Structure formats: structure tokens, C-alpha cells
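Hello,

Here is the structure I said I would pass on. Please open it first, then read the notes below.

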Amino acid sequence: MIQELVATLHLEMLLSLIRAAILLGAGVLIASLAGRLSMRSFRQRLSPQMLQLLKRIVFYGIFGLFLAAALSELGFSIAVIMGAAGVLTVAIGFASQTTASNLISGLFLIGEHSFEIGDVIKVGDTIGEVLSIDALSVKLRTFDNLFVRIPNESLIKSEVTTLTRFPIRRLDLKLGVAYKEDINHVRDVLLAVADANILCLDEPAPLFIFTGFGDSALEIQFSVWAKRENFLALRNGVTADIKAAFDAAGIEIPFPHLSIYTGEVTKPFPVRIADSKAENSNDD
Amino acid sequence: MTQHPQQQKKTLWWTPREVPAGHRLHGSLGALELSLGHDTDEWLLDCAPVGEDDIQPRASLKVEKGLPETIGERFVHAGKSDQVHLSAMLADRPVVIRPRQPVFLLSQQTVTLYLSTPIWLKIQVGEPAVLLKEFPAQPLSDTWFGPSTREGELCYAGRTHARHNPSELPRRPHRAITPLTILNKASTPLPLEKFSLPVPMLALYGDVDGMLWTQAVTLTREGQTDLASVQIDSRPPAYGKGLIRLAPPRQEPGRSGLVRAFSLLFGT
């Protein structure tokens with residue numbers, strides 16, 4: 001009699017386990033289908049970042065419901081589980097502060113819209129394309145094809161530059177010309193170079209700033225604007241154009257000069273012309 | 001709009017031609033030296049810019065024996081057709097026009113300026129026509145047009161003599177002329193330092209002499225408000241003989257025309 005009862009109970013439990021497993025399996029399947037479907041339906045209207053977020057919300061929402069149903073099938077009370085989960089969350093929260101911090105930072109990063117998937121950002125010395133903004137970290141692909149993972153917490157704390165936010169960019173070139181050169185002539189040559197280069201925007205107009213009297217050269221900043229996609233091509237093209245134009249116009253780009261001065265009151269350096277023949281014979 | 005007489009079709013560069021295998025379509029089209037060769041199973045294209053002083057007033061494209069001497073690009077095909085169709089389109093972005101010298105339009109005055117912008121050359125081959133390449137007949141510099149570096153749009157930059165007498169217009173087969181009428185209803189002079197010409201919203205027409213025209217555009221600076229309106233004439237231009245529509249607008253203009261802030265159109 002008791003054996004039969006135990007056998008029935010085992011069978012009941014086994015059936016519950018199977019039902020829960022089926023619920024979980026169906027949950028994964030339906031949640032992943034719903035996630036993909038929601039992505040497909042909103043592809044035209046939402047950015048890749050928002051699409052990924054939507055997919056995750058749909059997936060975890062539906063999967064959560066199926067998980068709760070499976071647990072309920074196994075005889076767990078949802079209210080008790082939620083209560084226990086609350087206590088557990090506090091305990092885990094204390095134990096894994098960094099993870100929690102990254103998680104919260106991730107939410108702020110998404111909410112702030114500083115950058116999105118596909119943007120090119122600069123964090124510290126790392127420049128790369130954003131592959132994904134996940135719960136704990138942001139994944140980048142650098143231009144030398146390396147995969148970089150940056151924790152969300154450090155992104156929130158540090159300076160992030162989004163290079164692809166605006167359609168146009170400015171290229172600042174620092175130049176030096178010899179002291180003998182006429183600044184106005186240099187300015188005209190540089191503006192003619194910018195005018196001839198079709199990648200260089202007509203407006204905003206190129207900027208010519210005389211930045212100061214350097215140690216060996218007159219220092220100049222020449223800034224030109226380009227369409228974001230043409231930035232690198234302009235950077236390479238315009239520097240070569242400037243060198244060629246300076247050479248053609250006879251404008252000197254000086255090397256560092258060093259003048260040795262012994263002071264007004266001191267005697268000049270004694271200069272002795274050595275007898276090369278005598279020195280050569282000494283060498284032997 | 002009238003159709004071309006049959007005999008004139010041969011002379012105009014945009015009429016389709018037969019280029020048999022082993023032959024090439026060679027010659028100049030304004031600022032462009034073009035050579036399109038037909039090899040057994042590929043088209044060979046070579047384009048080179050022509051210096052400002054060497055631009056011919058008429059297009060001179062002929063079918064001749066032989067393939068291009070230098071090859072810039074190769075387009076592989078499996079079609080049997082020998083037909084080549086060169087066609088023209090207007091620029092894909094607005095062109096910001098800057099007169100070479102500042103021009104001012106006095107209060108309550110109207111002026112019609114004739115502005116030319118380079119065309120985009122579209123090469124199609126075969127029957128039905130397949131696109132080979134579309135490119136500007138004269139490369140244009142980019143420019144930004146807007147109140148700040150954050151707001152605005154990318155345009156092409158164009159320089160003009162801002163001629164207001166159509167008889168003074170030079171004949172250039174690679175440029176389309178837009179008659180632009182400007183009305184200044186305000187009480188102050190209107191500086192025409194630069195203005196944005198909505199070229200993608202215009203249709204392109206060709207006349208029997210091979211000159212290209214677009215519809216007329218009217219820019220009105222309103223008197224009291226800080227607004228300006230752009231009106232695109234729905235009729236073909238009133239210039240040139242035997243006009244034929246070569247290309248529709250890339251973007252459809254709205255029926256009521258565009259009303260924008262004055263600063264957005266004139267960049268002041």
C-alpha cells in the first residue's frame with residue numbers, strides 16, 4: 001500500500017518535472033521567436049541599439065513568465081520565491097557591487113544616447129566602432145581589428161568622444177614656416193590649397209590662425225572641414241598638397257634651429273682651424 | 001514639350017547608339033574625355049577630366065573602331081545588345097551658389113539670374129537598359145549649408161558669374177542652366193552672397209542645340225516676416241527650342257513650394 005503511494009508520488013513528481021521542462025523549452029522557443037519577430041517588425045523605425053534592447057526585453061519578459069509557470073508547476077509558491085529573490089538580491093548586491101554598478105551604468109548609458117551601435121567612439125587611447133552595448137560592458141572593434149570590452153562603469157566615469165555624431169569634422173593642422181616668410185603669402189597659398197581640394201568643404205570656411213613665434217618657426221594652425229566619411233582621405237590629401245604647394249612657392253618648413261650665445265660680457269668661443277693633414281698623420 | 005525630329009536624334013549626345021563589339025564610343029563631353037569600349041563580353045570605360053581651357057562648346061562623341069587605349073574600369077556582362085544610352089541627371093544634393101562678386105538686390109526689385117550646375121552622367125547598356133555607372137561630369141566640392149555645424153545639410157559648392165542676360169551664357173554641354181528669379185519684397189537690400197539651389201527637385205530638359213535647361217525657380221523674400229519661399233515652375237523652361245524632358249526630379253517637390261527661414265535659403 002505504502003509502496004504504491006510512494007510510486008504514485010514519484011510518478012506525479014516525474015510528470016511535474018516533465019511539464020516544467022516542456023514549459024521551459026517552450027518558453028525559450030516562444031521568447032526567442034517573439035524577440036526576433038519584434039526586431040523584424042520595428043527594423044525600419046528603430047535604431048540598432050533600440051532594436052537590441054527591445055529584443056532583450058521581449059525575450060526575458062516572455063521567458064520570465066514561462067519560468068514562473070514552470071516553478072509553479074513544480075510546486076513552488078511564486079510569492080515566496082519573489083520574497084526570497086528580494087533577500088537574495090540584497091545579498092548578491094552586496095557581494096557583487098562592481099557587477100551591479102556596471103548594470104546600473106549600462107542603463108544610464110542607454111538612456112543618455114551618447115552613442116549607439118555602429119558609432120565610432122574614443123575612450124582614453126582606444127578608438128573603435130561600437131558593436132554592442134550590453135548590461136555589463138560595451139564592446140568595441142578597433143580599426144586594427146581587435147575586440148575591446150570596456151566596463152560600463154568606467155565609461156560612465158570617463159570622457160567618451162563620439163566621432164560620428166555630426167556629419168562634418170574639422171581637421172586641425174599645425175604648421176611651422178621659416179621666419180623669413182611672408183605670413184600673408186603663406187595664408188594665400190594655404191587657402192588656395194584648400195580651395196583646390198574638392199574634399200575640403202567650402203563652408204565652414206578654412207581657418208588660418210597665427211599661433212605664435214616658435215623657437216625655430218612661425219607657428220600656424222590651419223583648419224579645414226570635411227565630410228565625416230572623407231576625413232581620413234582629406235587628412236592624407238591636404239598634407240601632401242600643402243607640402244607640394246610650399247615647395248612650389250619656395251616656402252621653407254624649417255628644422256629646429258639652435259643658436260649658441262656666450263653672452264655679451266663673455267669672450268667669443270675660441271675657434272681653431274685644425275690641420276687636416278697633420279690630424280690624419282696622427283691617426284696613423 | 002515637343003519631340004525631336006528624327007534627323008536631330010543623331011546629333012544629340014543623349015540619343016542611344018549602337019556600339020558593336022570591337023568598337024568604342026569616344027570623344028569629349030564638356031569637362032570630360034570619355035571612352036567606352038565594347039569588348040566581347042565586357043564594357044571598358046575610361047574617363048579623364050579636361051582642363052578648363054580645353055572645354056569644347058559642343059559634345060563630340062563618335063563610334064569608332066578599336067578599344068580604349070587605357071582602361072579605368074571593366075564591366076562584365078553576358079548580354080548580346082550593342083546599345084549604349086548616355087543620359088543626364090541633375091546633382092543629388094542641393095548646390096550652394098556663390099556669385100564671384102557680391103551681388104545685392106535692392107528693395108522691391110526682381111532679377112532673373114542664369115545659374116549653371118554640372119550634370120551627372122548616367123551610362124546604361126543593353127536592352128532593357130542596365131546601369132553601368134553614374135558619376136558627375138565635373139567633380140564638385142562639398143560644402144555645408146546651415147545656421148551651425150550641427151544643423152544644416154551637406155551640399156555641393158558652385159561658383160557663378162550670376163549672369164542676368166541669357167545671350168551671355170557660355171555653351172557648355174556638361175552643365176544645366178536654371179533660370180532663377182529673385183523677388184525682394186523687404187525694405188532692405190538683399191545680399192546675394194550665397195543661396196541654396198534645390199537642384200534635386202528639378203527636372204532636366206535638353207534642346208535641339210544640345211543645351212540643358214531646368215525648370216525656372218522663383219525665390220521670394222517676404223516683406224514683413226523672416227521667411228523666404230521657393231517656387232518651382234511646373235512648366236518646362238521658356239528657353240531653348242524643341243525641349244525634351246531628359247530626367248525627372250530626384251525628389252518630388254511639394255505642391256505649395258517650400259517656405260523656409262530666410263537664413264536657411266540665403267545663408268545670412
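**What turned up in the model**

His113(A) sits in the loop between helix 4 (97–112) and strand 1 of chain A. Keep in mind that this is a predicted model. The phi angle of His113(A) is near 60 degrees, a positive value in a residue other than glycine. Is His113(A) buried or exposed? His113(A) is exposed, because 11 other C-beta atoms lie within 10 Å and a residue with 12 or fewer counts as exposed.

Gln108(B) lies in the loop between strand 9 (104–105) and strand 10 (110–118) of chain B. Gln108(B) counts as exposed, with 11 C-beta neighbours inside 10 Å.

**Confidence**

The predictor gives the complex an ipTM of 0.74 and a pTM of 0.72. For chain B the mean pLDDT is 82, and 89% of its residues reach 70 or more. Over residues 1–10 of chain B, pLDDT stays under 50. The model has 14 contacts beyond four places in sequence for that stretch.

**Chain A**

Chain A contains 8 helices and 8 strands. Its C-alpha trace spans about 125 × 55 × 40 Å along the principal axes. The radius of gyration of chain A is 35 Å, whereas a compact globule of 284 residues would have one near 19 Å. Of those 284 residues, 17% count as buried. Take the contacts in chain A with a separation of 6 or more: 63% of them are between residues 24 or more positions apart.

Now the sheet. 5 strands of chain A form an open sheet in the order 4-3-2-1-5, with antiparallel pairing. Which strands stand at the edges? They are strand 4 (147–151) and strand 5 (160–162) of chain A. Each has a single partner strand, so one side of each is left without a neighbour in the sheet. The twist from one strand to the next averages 40 degrees.

Strand 1 (residues 120–123) and strand 2 (residues 126–133) of chain A run antiparallel and are joined by 4 bridges. Val123(A) has Thr126(A), in strand 2 of chain A, as its bridge partner.

Chain A also has a cis peptide bond. The bond joins Glu203(A) and Pro204(A), with omega about -5 degrees. Pro204(A) is in the loop between helix 6 (183–196) and strand 7 (207–213) of chain A.

**Chain B**

The secondary structure of chain B comes to 2 helices and 23 strands. Of the 268 residues of chain B, 34% count as buried. Among contacts in chain B with a separation of 6 or more, 77% are between residues 24 or more positions apart.

One sheet of chain B is worth a look. 4 strands form an open sheet in the order 13-14-8-17, and the pairing is mixed. Strand 13 and strand 17 (195–197) of chain B stand at the edges. Each has a single partner strand, so one side of each has no neighbour in the sheet. Neighbouring strands of this sheet are turned by 45 degrees against each other on average, direction ignored. Strand 8 (residues 95–99) and strand 14 of chain B run parallel, and 5 bridges join them. Arg98(B) stands opposite Arg159(B), which is in strand 14 of chain B.

Next, a loop residue. Leu169(B) is found in the loop between strand 14 and strand 15 (175–184) of chain B. Leu169(B) is partly exposed, with 15 other C-beta atoms within 10 Å. Not counting residues up to four places away in sequence, Leu169(B) touches Tyr114(B), Arg163(B) and Ile177(B). Leu169(B) and Tyr114(B) are 55 residues apart along the chain, and their C-alpha atoms are separated by 7.8 Å.

Chain B has a cis bond as well. The peptide bond from Glu127(B) to Pro128(B) is cis, with omega near 0 degrees. Pro128(B) is in the loop between strand 11 (120–125) and strand 12 (130–136) of chain B.

**Where the chains meet**

How many residues does each chain bring to the contact? Chain B brings 11 residues and chain A brings 12 residues. On the side of chain B that touches chain A, strand 13 (141–145) and strand 14 (153–160) of chain B each supply at least two residues. The largest share of that side, 5 residues, comes from strand 13 of chain B. By class, the side of chain B that touches chain A has 6 nonpolar, 3 polar and 2 charged residues.

Best wishes

Technical notes. Residues numbered from 1 in each chain as written. Chains lettered and ligands numbered in written order. Predicted model: local features only at pLDDT ≥ 70, side-chain atom pairs only at ≥ 80, totals over all residues. Contact = placed C-beta atoms within 7 Å. Nonpolar A, V, L, I, M, F, W, Y, C, P; charged D, E, K, R; others polar. Pairing = 2+ DSSP bridges. Axes fitted to C-alpha atoms, helices over the stretch in contact; angles between N-to-C directions. Rg over C-alpha atoms; globule rule 2.2 N^0.38 Å. Buried ≥ 20, exposed ≤ 12 C-beta atoms within 10 Å, placed from the backbone. pLDDT = per-residue confidence, 0-100.
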